[in-house]
Amino acid sequence: MDTKLVEEANQCYTILQQGGIILYPTDTVWGIGCDATNEEAVKKIYALKKRDEAKAMICLVANEPMLGKYVKEVPQMAYTLIELSEKPITIIYDNPIGVAQNLIAEDQTLALRVAQHAFCQYLIKKLRKPLVSTSANVSGSPSPSNFKEISSAILKGVDYVVNLERDTAKSKPSSIIKLGTDGTVKVIRE
């Protein structure tokens with residue numbers, strides 16, 4: 001394991017435990033995150049992004065077993081989609097459990113992605129909770145594709161900025177699919 005990655009994750013862990021918010025690299029774009037079980041920390045992200053609290057945010061989990069801890073019933077199709085997807089895939093699930101109430105959408109759903117990024121996996125496993133992952137922009141502004149495009153308002157508004165991959169261009173956001181417990185599948189974003 002990369003020493004720098006571990007040091008950065010340990011720093012983030014401390015901040016997340018204290019209810020702070022971080023700016024960090026993911027397997028898609030730079031994200032703003034917090035402990036997904038901490039309602040006050042989630043409120044800080046909504047305020048920083050100037051985002052309507054009715055608009056849900058994505059959360060990351062470290063692996064498939066962790067997914068099952070935060071969704072009442074994970075449809076079998078979800079595991080197939082995760083396994084077969086060639087790029088990061090976020091799935092919207094019915095009936096999330098154990099996360100901050102202000103992360104759950106009005107229709108009682110939550111968007112979750114199994115992180116493929118080494119830093120994210122390490123941090124989430126250490127935290128033992130999902131991590132909020134919303135793009136590092138003020139609502140209505142374009143999502144930054146690299147660190148240099150992140151606005152000063154976002155940089156100044158978080159409690160910690162991870163010092164990894166700042167020169168790496170990030171790909172576009174993940175695909176989003178809504179997967180109902182009744183077997184319905186709806187593509188939200190390709």
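This is a predicted model: local features need pLDDT of at least 70, side-chain atom pairs count only at pLDDT 80 or more; totals for chains, interfaces and linings use all residues.

Tutor: Residues are numbered from 1 along each chain as its sequence is written, and side-chain values use heavy atoms, with hydrogens and water left out.

Student: Which residues of helix α5 are buried?

Tutor: An α-helix has 3.6 residues a turn, so residues three or four places apart point the same way. Helices (H or I, at least four residues) and strands (E, at least two) are DSSP runs, numbered from the N terminus. Buried means under 20% relative accessible area, exposed over 50%, and partly exposed in between, with a 1.4 Å probe and protein chains only. In α5 (residues 118–127), the buried residues are Phe119, Cys120, Leu123, Ile124 and Leu127. They lie on the same side of α5 because they cover an arc of only 120° around the axis, the arc being that of the directions from the helix axis to the C-beta atoms.

Student: What do the buried residues of α5 pack against?

Tutor: Contact means heavy atoms within 4.5 Å. The buried residues of α5 pack against α1 (3–17), β1 (22–24), β3 (58–61), α3 (64–70) and β6 (131–135).

Student: Is Arg113 buried or exposed?

Tutor: Arg113, in strand β5, counts as buried because its relative accessibility is 3%. A polar contact is a pair of N or O atoms within 3.5 Å; within protein, one must be able to donate a hydrogen and the other to accept it, and residues adjacent in sequence count only if both atoms are side-chain atoms. The side chain of Arg113 has such a contact with that of Ser174, at 3.3 Å, and another with the side chain of Thr90, at 3.2 Å. Thr90 belongs to strand β4 (residues 89–94) and is buried, with a relative accessible area of 0%.

Student: Where does Thr109 lie, and which side chain does it join in a polar contact?

Tutor: Thr109 is in strand β5 (residues 109–114) and, at 4% relative accessibility, is buried. Its side chain joins that of Asp107 through a polar contact of 2.6 Å. Beyond its neighbours within four places in sequence, Thr109 is in contact with several residues, including Ile92, Tyr93 and Lys178.

Student: How many residues line the largest pocket?

Tutor: On a 1 Å grid over the protein atoms alone, a pocket is an open set of points with protein on both sides within 12 Å along at least five of seven lines, whereas a cavity is a set where a 1.4 Å probe fits but cannot get out; lining residues have an atom within 4 Å of a point. The largest pocket is lined by 28 residues, with Arg51, Ala56, Ile58, Ile176 and Arg189 nearest its centre. The elements giving two or more residues to this lining are β5, β6, β8 (175–179) and β9 (185–189). The largest share, four residues, is from β5.

Student: What is the phi of Gln108?

Tutor: Most residues other than glycine have a negative phi. Gln108 has a positive phi, near 60°, and lies in the loop between β4 and β5. Glu165 also has a positive phi, near 55°, and its place is in the loop between β7 (160–161) and β8. Arg128, which follows α5, has a positive phi near 65°.
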